[in-house]
Amino acid sequence: MHIKPEFKFSARTIHILLADDDEDDRLFFKEALDELGLPVQLTMVENGEQLMAHLSKKRNKIPDVLFLDLDMPLKNGFACLAEIKLDERLQRLPVIILSTFFDEDMLNLVYKDAAHYYIRKPTDLMQLKKVLLEALTLISQKNVPLPAKAGFILAGNILTSGWK
């Protein structure tokens with residue numbers, strides 16, 4: 001089944017940065033993006049230290065969106081998110097948490113630390129494509145505001161229960 005976007009991205013390429021230590025998850029993410037056929041450029045890093053080094057290089061363009069895993073070696077996603085939001089140059093970077101963690105305390109923490117959205121890692125390629133399309137649609141709008149708590153968890157239009 002092919003997912004067709006109901007919107008039109010501009011001809012401009014969307015620069016995506018993915019920070020995830022799991023090689024299989026990175027390849028799965030790339031496969032989903034490839035199948036969507038959107039104008040994207042994907043850069044991947046394997047841990048929090050690589051992520052922050054990449055973002056701190058002045059010559060590197062700030063990506064349009066960062067997909068951030070929470071459970072990474074050397075510097076976890078929580079520490080990276082806090083560091084990003086304290087950096088004046090990076091404060092406007094939309095950060096989407098992409099993680100297997102899913103409990104109320106963790107959700108409250110990353111919401112409070114100004115992540116834009118949260119995606120619980122899908123194990124199904126079709127579901128990952130749906131949720132990535134939903135996320136990129138939301139992020140493709142200029143000056144993306146932080147969502148209300150009710151819109152924080154993205155699930156590819158599937159209802160997610162249990163977090164208020």
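**Helix packing and burial in a predicted model**

Helices α1 and α5 are roughly perpendicular to each other (65 to 115 degrees counts as roughly perpendicular, under 35 as roughly parallel, over 145 as roughly antiparallel and the rest as oblique). The model is predicted, so local features need pLDDT of at least 70 and side-chain atom pairs count only at pLDDT 80 or more, while totals for chains, interfaces and linings use all residues. Residues are numbered from 1 along each chain as its sequence is written, and side-chain values use heavy atoms, with hydrogens and water left out. Helices (H or I, at least four residues) and strands (E, at least two) are DSSP runs, numbered from the N terminus.

**α1 against α5**

- The axes of α1 (residues 23–36) and α5 (residues 125–139) come within 9 Å and cross at roughly 70 degrees; axes are lines fitted to C-alpha atoms, for helices over the stretch in contact, and angles run from 0 to 180 degrees between N-to-C directions.
- From α1, Phe28, Phe29, Glu31, Ala32, Leu33, Glu35 and Leu36 meet Leu125, Leu128, Lys129, Leu132, Leu133 and Leu136 of α5 (contact means heavy atoms within 4.5 Å).
- The residues of this contact divide into ten nonpolar, no polar and three charged; Ala, Val, Leu, Ile, Met, Phe, Trp, Tyr, Cys and Pro count as nonpolar, Asp, Glu, Lys and Arg as charged, and the others, Gly among them, as polar.
- Arginine 26 is also found in α1 and counts as buried, at 10% relative accessibility (buried means under 20% relative accessible area, exposed over 50%, partly exposed in between, with a 1.4 Å probe and protein chains only).
- Not counting residues up to four places away in sequence, arginine 26 touches Leu18, Asp20, Asp21, Met44, Val45 and Glu46.

**Helix α2**

- In α2 (residues 48–56), the residues Gly48, Leu51, Met52 and Leu55 are buried.
- They cover an arc of only 90 degrees around the axis, which puts them on the same side of α2; the arc is that of the directions from the helix axis to the C-beta atoms.
- An α-helix has 3.6 residues a turn, so residues three or four places apart point the same way.
- The cover over the buried residues of α2 includes β1 (14–19), β2 (40–45), β3 (65–68) and α3.
- The N-terminal end of α2 is capped by asparagine 47, with a side-chain oxygen 3.0 Å from the backbone nitrogen of glutamate 49.

- Gly77, Cys80, Leu81, Ile84 and Lys85 are buried in α3 (residues 77–86).
- Their arc around the axis is only 125 degrees, which puts them on the same side of α3.
- Alanine 79, in α3, is partly exposed, with a relative accessible area of 34%.
- At the start of α3, a side-chain oxygen of asparagine 76 reaches to within 3.0 Å of the backbone nitrogen of phenylalanine 78.
- Leucine 74, in the loop between β3 and α3, is exposed at 61% relative accessibility.
- The phi of leucine 74 is near 70 degrees, a positive value in a residue other than glycine.
- Most residues other than glycine have a negative phi.

**Phenylalanine 67 in β3**

- Phenylalanine 67 lies in strand β3 and is buried, with a relative accessible area of 0%.
- Leaving aside neighbours within four places in sequence, the contacts of phenylalanine 67 include Ile16, Leu18, Phe29, Ile96, Ile119, Leu132 and Ala135.
- The C-alpha atoms of phenylalanine 67 and alanine 135, 68 residues apart along the chain, are separated by 9.9 Å.

Notes: A polar contact is a pair of N or O atoms within 3.5 Å; within protein, one must be able to donate a hydrogen and the other to accept it, and residues adjacent in sequence count only if both atoms are side-chain atoms.
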